[in-house]
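Look at the sequence and the model shown here.

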Amino acid sequence: MQEHDSSPLSDFIEYPKKEMLTRSQDFYDVVKRRHSVRSFSNRAVDKQVIENCLKAAGTAPSGANHQPWHFVAVNSADIKKQIREQAEFHERGFYEGRAGEEWLGALKDLGTDANKPYLEHAPWLIAIFSQKKGGITEDDKNTNYYVHESVGIATGILITALHNAGLVTLTHTPKPMSFLNKVCQRGDNERAYMLLIAGYPSKDATVPAHAQVKKSLADIATFL
């Protein structure tokens, strides 16, 4: 490697092999209980919990460490209403023909439609934005690299952090999502990447049978 400013890796913890195996299994047992939920309680969630999960997402690796993401955590009832109105407007066009028969057929087993009451009912919406330019400081205007990959990794960590904290989530990607820039007051340098709904499940929350079918390890991985 080329010479660069660095410091020793001082916070790595190596576990005994038996504990490593146990920890890997325990984590799998925890994360396999994560489900996409569409019925949310309106119970309040402490802002500090959301803050901690966002800080966890901010530790994600990124191209040139530019961290090309911005998270807008929405708790305001008025802004959540605006988001729901805009999202449902676009979703109606999607379900009324824009998606096409194949896509709508793929969604049938999940029971989804254009109605998104959880966008108002859930305590928190987190709008995730990717940034075209940026850098380590707020004033940097450098080109960002591997933006889609970087924001995707951060989003995955955020979802896992929220689950680990005891909340349920739903990923939502209305098309187009450009209205989020206006509602969330984000500039032209940013592009809406995903809307994440977070909170407690309602007492009658369900998980579609189709969503519980996961591919086997043999189907998703190859060892060479």
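Residues are numbered from 1 along each chain as its sequence is written. In this predicted model, local features need pLDDT of at least 70 and side-chain atom pairs count only at pLDDT 80 or more, while totals for chains, interfaces and linings use all residues, and side-chain values use heavy atoms, with hydrogens and water left out.

**Overall fold**

The protein has 8 helices and 6 strands, taken as DSSP runs numbered from the N terminus (helices: H or I, at least four residues; strands: E, at least two). Their order along the sequence is α-α-β-α-α-α-β-β-β-α-β-α-β-α. Along the principal axes, the C-alpha atoms fill a box of roughly 55 × 45 × 40 Å. Of the 224 residues, 34% are buried; buried means under 20% relative accessible area, exposed over 50%, and partly exposed in between (1.4 Å probe, protein chains only).

**Cysteines**

A disulfide is a covalent bond between the sulfur atoms of two cysteines. Here a disulfide is counted when two cysteine sulfur atoms are within 2.5 Å, and the count comes to 0. Cys53 is in no disulfide, since the nearest cysteine sulfur, that of Cys184, is 19 Å away, too far for a bond.

| Residue | Relative accessible area | Class |
|---|---|---|
| Cys53 | 5% | buried |
| Cys184 | 10% | buried |
| Ile220 | 60% | exposed |

**Surface**

Ile220 lies in helix α8 (residues 217-220).
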